[in-house]
Amino acid sequence: MTPEAIRELARAGRPRSSEADAAILDATNDLFCELGYEGLSIEAVAAKAGVAKTTIYRRYPTKLDLVLAANHCMGKGMIPTPDTGSLRDDLVAIAQGYRRMLRETDVGRAIPMMMAAKAKNPELARAHEVFVQEKRDLTIGVIRRGIERGEMSRDTDPVLIADLITGAVFQRVFITGLPVSKSYIDALVDQILS
């Protein structure tokens, strides 16, 4: 092996462990849901994940980077972006996915902690708003596609429609505690489309 190849290998270091990556993000999500942003520490994440603090810092230079990576991982693929050819069916699938995410995953546990943390940390608030907007854009894209197919009027505001759907589900899950049944979602979507 040439000296250049040896130096290149030394520079590359050991390959990252996907098990360590998953353990770090899982531990971060668990601790964030339990302790919030202020209570979360790299030391606690390292202990829970069974890794060294340096392993975390190599991947995530700041606590903010770590929390955002965990948040992204937690929310990945939770809300579908269907293309059934029917805006109604797509919106029903999105609303059902949103309900499932809020009720059956750690995302639902993390949202109250994130709301509290954003109020105290402007940097986290800005970063989370970008994250949320990326997710909203997927739903808005589904609605725009339905408008282009003529399923809604061209002057329909896709952002408003997205807010009406997710806002209604959020309200029931977090504020009123009322059921978010399939019949409720169907009626919600039908009312919006009418």
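Start with helix α2 (residues 18-39) and helix α7 (residues 106-120), which pack at an angle of about 25 degrees with their axes 8 Å apart. Axes here are lines fitted to C-alpha atoms, for helices over the stretch in contact, and angles run from 0 to 180 degrees between N-to-C directions. This is a predicted model, where local features need pLDDT of at least 70 and side-chain atom pairs count only at pLDDT 80 or more, while totals for chains, interfaces and linings use all residues. Residues are numbered from 1 along each chain as its sequence is written, and side-chain values use heavy atoms, with hydrogens and water left out.

**α2 against α7**
- These two helices, α2 and α7, are therefore roughly parallel to each other (angles under 35 degrees count as roughly parallel).
- α2 passes α7 in a left-handed crossing, that is, the near helix is turned anticlockwise from the far one by less than a right angle.
- On the α2 side, the contact (heavy atoms within 4.5 Å) includes F32, C33 and L35, and on the α7 side it includes A110, M113 and M114.
- By class, that contact of α2 with α7 has eight nonpolar, one polar and four charged residues; Ala, Val, Leu, Ile, Met, Phe, Trp, Tyr, Cys and Pro count as nonpolar, Asp, Glu, Lys and Arg as charged, and the others, Gly among them, as polar.

**α6 against α9**
- Helix α6 (residues 87-104) and helix α9 (residues 158-176) cross at roughly 35 degrees, and their axes come within 10 Å.
- The crossing of α6 and α9 is right-handed.
- Among the residues making the contact are L91, Y98 and R99 of α6, plus I161, V169 and F170 of α9.
- Sorted by class, the contact of α6 with α9 has 10 nonpolar, one polar and three charged residues.

**The whole chain**
- You'll find 10 helices and zero strands in the chain (helices are DSSP runs of H or I, at least four residues; strands are runs of E, at least two).
- The radius of gyration is 21 Å, well over the 16 Å that the globule rule gives for 194 residues, so the chain is more spread out than a compact globule. That radius is taken over C-alpha atoms, and the rule is 2.2 Å times the number of residues to the power 0.38.
- The C-alpha atoms fill a box of roughly 70 × 40 × 30 Å, taken along the principal axes.

**A look at F131**
- F131 sits in helix α8 (residues 122-148).
- F131 is buried, with a relative accessible area of 14% (buried means under 20%, exposed over 50%, partly exposed in between, with a 1.4 Å probe and protein chains only).
- Not counting residues up to four places away in sequence, F131 touches N71 and H72.

Conventions
Angles under 35 degrees count as roughly parallel, over 145 as roughly antiparallel, 65 to 115 as roughly perpendicular and the rest as oblique.
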